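Dear colleague,

I am handing over the structure discussed for your work. Please find it below, followed by an account of what was found in it.

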Amino acid sequence: MSKRSVLLTLCAMLLSLCLNGAAAEESRIVVWRVTAPAINAEALQTEAFGADLSAVREEERDYDSLFWSLTGEGIPFCGISHNRGTENMQAWFNIYRQAGEERTYYYNLDEWNAIPAESGFDAPRAAETLAEGQSLLKRLGLESDTVAPEPVSFTALGRMEGTTPCRKAVYALTLEGLPVRWSAELLRDDGPTRPAILIDPCYVTVTYSDEDGLLMLEGSWCGFEPLTRSAEVLSPEDALTRFRQAGLISTADGLSAPEACWFLSVNGQEAPATLAWRVGNRYLSAVDGTWLQTEH
């Protein structure tokens with residue numbers, strides 16, 4: 001092969017690499033469409049009732065919600081439900097399996113029933129419990145190539161007299177490794193003036209005991225579909241400059257970079273998730289540099 005042929009071959013390879021690199025950059029998703037998550041209903045029922053589901057009764061409720069029980073009342077039961085207007089953008093789900101009157105669990109009274117010395121990520125049972133919870137959430141379909149549950153807390157419970165010890169793990173939804181945060185307007189409770197679409201933060205709580213295994217699971221979750229791609233995004237340095245220019249932070253704050261996250265808001269009957277930079281409760285679009293939210 002001549003030197004010219006070799007040179008042309010090398011140039012073609014270099015051009016191919018450059019084009020592939022550019023294509024990879026352009027394929028970056030900067031806006032997602034928020035959708036209802038694909039929760040595995042059979043896995044949810046299996047966790048609630050065991051492998052034999054022949055005696056499980058299904059009940060359809062408002063807003064495309066489903067409820068499963070053995071007797072129609074009391075525990076165990078589980079369900080997948082929606083608030084009005086959220087059928088296509090969020091689901092709330094639960095499992096309740098506590099052991100009736102055999103034991104007493106106050107797993108919703110953390111402030112009074114927590115055991116501080118046995119809580120936190122460094123606690124003896126934390127890693128085991130968090131891994132068990134993540135395995136459950138994966139079976140329910142709450143984990144994918146883009147969405148994952150991120151552990152945010154571990155609490156050991158059972159300090160109150162007469163209660164049986166149990167362990168609680170809490171997970172937050174992350175999209176491509178970044179936290180998702182709904183706009184303040186949707187999460188605010190203004191009574192009669194509250195928007196018709198009722199949104200919950202995307203968290204899941206899972207509670208276990210040594211005696212009865214899974215006691216409770218409840219949470220709100222979203223799914224996501226690619227909507228907009230871009231090769232360019234606002235850098236953290238430029239974002240920090242804009243926050244300062246707008247008077248929302250000062251140089252005295254000592255902030256080195258804003259948080260990268262997804263800002264979720266509702267536009268009519270759809271909810272977009274926009275790549276954003278956050279400082280406190282203020283959000284700047286990383287797509288076009290517009291302010292998404294500036295209130296405290």
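Arg181 counts as partly exposed, at 23% relative accessibility. Please note that this value, like the others in this message, comes from a predicted model. The side chain of Arg181 meets that of Glu259 in a salt bridge, with an N to O distance of 2.8 Å. This pair links distant parts of the chain, since Glu259 belongs to strand β12 (residues 259–264) and Arg181 to strand β8, 78 residues apart. Glu259 is likewise classed as partly exposed, its relative accessibility being 24%.

Arg181 also has a place in the largest pocket, where Ala172, Pro179, Val180, Arg181 and Tyr203 are the lining residues that lie nearest the centre. The volume of the largest pocket is about 220 Å³, and 14 residues line it. Three strands, β6 (147–157), β7 (166–175) and β8 (178–182), each supply at least two residues of this lining. Of the elements, β8 gives the most, with 4 residues. By class, the lining of the largest pocket consists of 11 nonpolar, 1 polar and 2 charged residues.

The second largest pocket has a volume of about 160 Å³. Its lining is made up of Ile115, Glu118, Pro124, Arg125, Ala156, Leu157, Pro165, Cys166, Arg167, Asp210 and Glu211. The elements that contribute two or more residues to this lining are β6 and β7. The residues of the lining divide into 6 nonpolar and 5 charged, with no polar ones.

Arg125, Arg167 and Asp210 line the second largest pocket, and together with Glu128 they are linked in a network of salt bridges. In total, the count comes to 13 salt bridges.

Arg103 is partly exposed, at 25% relative accessibility.

Thr129, in helix α4 (residues 126–139), touches Phe154, Arg167, Ala169, Tyr171 and Tyr208, leaving aside residues up to four places away in sequence. Thr129 is buried, with a relative accessible area of 0%.

How many disulfides does a search of the whole structure find? The search finds 0. Cys202 is accordingly in no disulfide, and the nearest cysteine sulfur, that of Cys222, is 3.6 Å away. Cys202 counts as buried, at 5% relative accessibility. Cys261 is buried as well, with a relative accessible area of 0%.

Finally, I would draw your attention to the backbone. Most residues other than glycine have a negative phi, and most peptide bonds are trans. Against this background, the peptide bond from Ile75 to Pro76 is cis, with omega near 0°. Pro76 is found in the loop between β3 (65–69) and β4 (77–81).

Tyr63 is not a glycine, yet has a positive phi of about 60°. Asp64 likewise has a positive phi of about 60° without being a glycine. Tyr63 is placed in the loop between β2 (57–61) and β3, and Asp64 is found in the loop between β2 and β3 too. As for accessibility, Tyr63 is partly exposed, with a relative accessible area of 37%, whereas Asp64 is exposed, with a relative accessible area of 60%.

With kind regards

Technical notes:
Residues numbered from 1 in each chain as written. Predicted model: local features only at pLDDT ≥ 70, side-chain atom pairs only at ≥ 80, totals over all residues. Heavy atoms only, no water. 1 Å grid on protein atoms, 1.4 Å probe; cavity = no way out; pocket = protein on both sides within 12 Å on 5 of 7 lines; lining within 4 Å. Points joined across faces, edges and corners; volume = space filled by probe spheres on them. Nonpolar A, V, L, I, M, F, W, Y, C, P; charged D, E, K, R; others polar. Disulfide = S-S within 2.5 Å. Buried < 20%, exposed > 50% of the residue type's maximum accessible area, 1.4 Å probe, protein only. Contact = heavy atoms within 4.5 Å. Salt bridge = Lys/Arg side-chain N within 4 Å of Asp/Glu carboxyl O.
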